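These are my notebook entries on a protein structure that I am looking up for the first time. I record each item in the order in which I consulted it.

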Amino acid sequence: MSFQSLIGKAAPAITLKNYDGESFTFAPGESGLPAALFFYPESGTYGCTREACQFRDAVATKDTFKPGKVQIIGISPDPVEKQKAFVEKHKLTYPVLSDGDKSTFKTYGIGKGMFGFTPVARVTFVVDKKGTVRDALDATINYAAHSKFVEKWLDKLQAEDAKEGVKEAAPAPPSNAPAPAPAQAATAGAPVITEVPTSTSEPTETVTATTEAPAPEQAEASSTIGQPAPPEPATAPTSSFLK
């Protein structure tokens, strides 16, 4: 099994001696925090010292590495006594575990590094808050790449959490809410009809107005109103000799 085969799967649990001699257990997903597990060849060597100190500095200066936001755990095959001296000398602020028989290295699929020139390879795993291995980096020579690799992943996981928080905060519509009525567009010039509720407590009367037609005389009289009077007939003159 190679370490790449763990990507996308649940990270194996770890129980090893810490640098202080106490048993330390890493239970993926139980703390609700993401974790960075960096496996390295040997405490005290130049590359391993630089790598461990870069993680120490990140914890002190970068927000995403702060305690309570991520677990940083270092693991090497060195005995507890050597791990203790290594931690105290460089003031490391995270667990540094001793895997003397390399059983945890094997569980995580880590073999020799640099084409077999180092007893174990330098591999870092990023485990999300649910306990799933999201990615892994194998770079035995490039020790400086490991803390940068973890930093990029922590930024990505933080963005995922923020997105989930927005979804959870959005209120869901009630299941029994009536669907809104479709809006009716008003037509210019169309009459607006307003429905008036009709009371059924009292019967309504329908009054029919009847208009009588005017009599013929009235109609004739009314038809001459406003017209000029007809001229009077001429009267014939009366001769005196007819008298």
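Are phenylalanine 38 and tyrosine 40 buried or exposed? I find that both phenylalanine 38 and tyrosine 40 are buried. I use the terms as follows: buried is under 20% relative accessible area, exposed is over 50%, and partly exposed lies in between, with a 1.4 Å probe and protein chains only.

Before going on, I note that this is a predicted model, in which local features need pLDDT of at least 70 and side-chain atom pairs count only at pLDDT 80 or more, while totals for chains, interfaces and linings use all residues. Residues are numbered from 1 along each chain as its sequence is written, and side-chain values use heavy atoms, with hydrogens and water left out.

**Entry: aromatic pairs**

In one of them, phenylalanine 38 and tyrosine 40 are stacked, at 5.7 Å centre to centre with 25° between the planes. Rings of Phe, Tyr and Trp (its six-membered ring) pair if their centres lie within 6.5 Å; planes under 30 degrees apart are stacked, over 60 edge-to-face, and the rest tilted.

I then looked up phenylalanine 39 and tyrosine 108, whose pair is tilted: 5.3 Å centre to centre, 40° between the planes. Phenylalanine 39 belongs to strand S3 (residues 35–39) and tyrosine 108 to the loop between helix H3 (103–107) and strand S6 (123–127), so this pair ties together parts that are 69 residues apart in sequence. Helices (H or I, at least four residues) and strands (E, at least two) are DSSP runs, numbered from the N terminus. Phenylalanine 39 is buried, at a relative accessible area of 0%, and tyrosine 108 is buried at 0%. I also record a cluster in which ring pairs link Phe3, Phe39, Phe105, Tyr108 and Phe125.

**Entry: the sheet**

I traced an open sheet of 7 strands in the order S2-S1-S5-S4-S3-S6-S7, with mixed pairing. Strand S2 (23–26) and strand S7 (133–138) are at the edges with a single partner strand each, so one side of each has no neighbour in the sheet. Two strands count as paired if DSSP finds at least two bridges between them.

S3 and S6 run antiparallel and are joined by 5 bridges; alanine 36 stands opposite valine 126 in S6. Strand S1 (residues 14–18) pairs with S2 in the antiparallel sense over 4 bridges. The hairpin of S1 and S2 has 4 residues between the strands, and glycine 21 there takes a positive phi near 90°. S1 also runs antiparallel to strand S5 (residues 96–98), with 2 bridges.

Which residues are the bridge partners of lysine 17? In S2 the partner is serine 23, and in S5 the partner is serine 98.

**Entry: asparagine 142**

I located asparagine 142 in the loop between S7 and helix H4 (145–169). Asparagine 142 is partly exposed, with a relative accessible area of 44%. Asparagine 142 and glutamate 51 are 91 residues apart in sequence, yet I read 9.3 Å between them, C-alpha to C-alpha.

**Entry: the largest pocket**

I list the lining of the largest pocket as including Gly32, Leu33, Pro34, Lys129 and Asp161. By class, this lining has 4 nonpolar, 4 polar and 3 charged residues.

Methods. 1 Å grid on protein atoms, 1.4 Å probe; cavity = no way out; pocket = protein on both sides within 12 Å on 5 of 7 lines; lining within 4 Å. Nonpolar A, V, L, I, M, F, W, Y, C, P; charged D, E, K, R; others polar.
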